[in-house]
Amino acid sequence: MKIKQLKEVLGFLALRLCMVLVMAILVVVFWDIVTKGGGAVSWELLTQPPKDGMTKGGIFPAIVGTLLVTLMTALLAVPLGMGCAMYLNEYALDCKFTRFIRMSIRNLSGVPSIVYGLFGVALFVEACNFGTSILSAGCTLGLMTLPLTITASEEALKAVPRSYREGALALGATKWQSIRTNVLPYAVSGMLTGTILGLSRAAGETAPILFTGAAFFLPDLPGSLLSQFMALPYHLYILSTQHHDTALVRPLAYGTALVLLILIFIMNLFAIILRSRLRQMKKE
Amino acid sequence: MKIKRIKEKVVEGLFFLNGLIVIIILAGIFLLLLKNALPGLKEIGLMEFLATGYWNPDAYGKATYGALSMLVSTGMVTIGSLLIAVPLGIGTAAYLSDVASPRVREIAKPVVEILAGIPSVVLGFLGIVLVGPLLAKLTGTYNGLNAINGSILLAVMALPTIISLSEDALNSVPRSYAEASLALGANKWQTVTQVKVPAAASGIVAACMLGMGRAIGETMTVLMATGNAAQFPTGFLSSVKTMTSTIAIELGEVAYFTTHFYMLFSVGLVLFLITFVINLISDIVFNKHMKMLK
């Protein structure tokens with residue numbers, strides 16, 4: 001009897017240790033980046049371009065580049081993702097074909113990011129002739145984020161009660177009218193939240209933009225959709241592995257990592273605030 | 001009235017096309033990879049590509065394109081990461097679903113989500129500045145950029161997937177299972193290990209497979225933390241160059257539409273097929289699990 005109890009105590013202790021270890025990983029990651037990157041973040045870092053072979057100056061062009069390419073990603077992923085979710089949740093019948101679409105979505109989300117990069121090279125850079133540019137990189141990231149935005153948007157649509165749709169239909173509205181007036185307004189907050197979370201993933205991705213548009217160093221900000229750009233994750237990769245003196249630029253690398261984490265954090269925070277705001281509006 | 005109906009049809013048609021897009025993308029990825037891989041595979045031959053280990057595109061004389069060492073390297077870091085992530089992930093999932101108080105769960109859920117949101121390049125960076133030096137000290141190697149380092153980072157990348165999906169699987173086990181076990185005099189530990197985990201086993205296996213798919217396809221962490229020596233790996237302490245890192249390193253320097261370019265797409269194709277099959281199997285296993293519990 002006692003052994004049985006001892007086993008239980010020890011077993012639960014082991015499970016708790018697993019949890020603590022997982023939490024510890026997160027703490028270590030943030031502790032290291034924040035303590036060592038905190039000192040490197042300055043006004044200069046945020047507003048100046050890299051100088052003297054990237055050993056001095058800031059990361060301003062990389063911040064702008066990441067924001068621009070994320071915007072491009074959103075332009076592709078948001079309408080396509082929301083449209084696909086609306087098809088799946090509102091129009092599609094539960095048939096083999098629909099299940100096939102769902103399986104494709106799950107499978108797309110498991111395609112390695114570097115394979116998306118190859119796909120982007122073959123399709124956008126080469127076949128569409130966009131070259132290595134914001135446009136190519138944004139489209140590649142957009143396709144990569146699509147499964148996330150679809151899933152999140154569908155969750156939001158599912159949360160709208162059936163009766164809302166039926167109410168509109170009973171009053172003589174067509175299907176599209178009922179969706180437009182009685183479903184979308186209530187689902188849009190959830191859709192946007194999920195989409196922004198998906199975009200925050202895209203903002204931190206490196207592999208898909210390696211060959212589709214990210215540049216080692218550019219003295220000027222990108223002038224058009226067809227120009228190359230600097231990006232925070234790629235800049236961090238360069239500073240920590242490709243630079244001729246990686247030890248010297250380590251503080252800059254830490255600063256870049258921290259700025260990237262903060263950017264992603266802000267996007268997440270924005271999504272969460274948006275969700276609660278819109279939820280409150282709905283209640284009133 | 002008629003215009004209204006036409007409008008309805010048009011809207012529905014547009015949404016249908018939109019739904020079709022995901023299938024087109026998936027098929028498009030496969031076809032474009034295949035199109036860009038075939039010229040190279042024809043020239044080199046499938047046997048040499050998959051069964052020999054010398055990948056030396058810049059060789060003096062005849063370039064060789066054997067991908068076996070990359071396949072083994074990818075396999076090694078993946079297995080290494082699973083050895084860490086599977087026990088840790090299942091343990092955490094079991095803790096969250098059966099032991100933790102609601103308050104702990106409130107804290108733990110976002111922790112797992114945030115962990116999933118850390119960009120892989122940041123983890124790769126920590127592999128260089130944090131894990132590497134630590135490993136170098138522990139094992140007495142030069143810089144600690146080796147297969148173990150990659151495995152540790154990949155485990156961190158795979159953990160969120162394994163934890164959240166395993167937890168879903170455990171939570172989907174009907175309450176009556178646990179209640180019956182407790183009523184028969186089993187304690188909570190016995191219930192978790194002998195009733196709930198076996199009942200959720202297929203779901204947990206699916207979760208681990210998805211985590212494995214993540215690990216195989218991860219690029220930045222292995223690219224930065226495994227050293228990328230183009231050699232056949234001799235052990236977990238040796239520097240390895242995985243399939244993903246090979247593409248990431250070489251595609252930037254290669255001239256388009258050369259044999260080397262095509263062969264990098266062939267590596268991508270193999271990567272795509274491996275992850276595709278893994279995802280498909282885990283999908284089937286997970287659906288079976290859900291059906292069984294219904």
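Helices (H or I, at least four residues) and strands (E, at least two) are taken here as DSSP runs, numbered from the N terminus. This is a predicted model, in which local features need pLDDT of at least 70, side-chain atom pairs count only at pLDDT 80 or more, and totals for chains, interfaces and linings use all residues. Residues are numbered from 1 along each chain as its sequence is written, while chains are lettered from A and ligands numbered from 1 in the order in which they are written.

**Chain A as a whole**

If you colour the 284 residues of chain A by burial, 48% count as buried; a residue is buried if 20 or more other C-beta atoms lie within 10 Å of its own, exposed if 12 or fewer, and partly exposed in between, with C-beta atoms placed from the backbone.

Five residues from domain 1 of chain A and five residues from domain 2 of chain A make up the contact, where two residues are in contact if their C-beta atoms, placed from the backbone, lie within 7 Å. The side of domain 1 of chain A that touches domain 2 of chain A consists of two nonpolar, two polar and one charged residues; Ala, Val, Leu, Ile, Met, Phe, Trp, Tyr, Cys and Pro count as nonpolar, Asp, Glu, Lys and Arg as charged, and the others, Gly among them, as polar.

**A stop at Leu157(A)**

Move to Leu157(A), which has its place in helix H6 (residues 134-158) of chain A. Leu157(A) counts as buried because 22 C-beta neighbours lie inside 10 Å. For a sense of scale, draw a distance from Leu157(A) to Asp245(A), which is 88 residues apart from it along the chain: their C-alpha atoms are separated by 51 Å.

**Chain B**

Now select chain B, which averages a pLDDT of 91, with 100% of the residues scoring at least 70; pLDDT is the predictor's confidence in each residue, from 0 to 100. Chain B has twelve helices and two strands, and its C-alpha trace spans about 75 × 75 × 30 Å along the principal axes. Of the 294 residues of chain B, 48% are buried, and residues 24 or more positions apart supply 73% of the contacts in chain B with a separation of 6 or more.

Centre on Arg175(B), found in helix H7 (residues 175-183) of chain B, which is exposed because 8 other C-beta atoms lie within 10 Å.

Asn228(B), in the loop between helix H10 (220-225) and helix H11 (243-250) of chain B, has a positive phi of about 55° although it is not a glycine. Is Asn228(B) buried or exposed? Asn228(B) counts as buried, with 20 C-beta neighbours inside 10 Å. Phe257(B), in the loop between H11 and helix H12 (259-293) of chain B, also is not a glycine and has a positive phi of about 60°, but Phe257(B) is exposed, with 11 other C-beta atoms within 10 Å.

**Where the chains meet**

Show both chains together, for which the predictor gives an ipTM of 0.92 and a pTM of 0.92. In this complex, 64 residues of chain B are in contact with 68 residues of chain A. On the side of chain B that touches chain A, helix H1 (residues 2-44) of chain B provides the largest share, 17 residues. That side of chain B divides into 42 nonpolar, 17 polar and five charged residues.

Finish at the largest nonpolar core, which has 175 residues, among which Ala257(A) and Val122(B) touch the most other members; such a core is a set of buried Ala, Val, Leu, Ile, Met, Phe, Trp, Tyr and Cys residues joined through C-beta atoms within 7 Å. Helix H6 (residues 147-171) of chain B gives the most to this core, with 15 residues. Domain 1 (2-38) and domain 2 (44-283) of chain A both contribute residues to this core, so it lies between them. Around Val122(B), leaving aside its neighbours within four places in sequence, the contacts are Ile33(A), Ala257(A), Leu260(A) and Leu261(A).

How values were computed
Domain bounds come from an automatic or database domain assignment.
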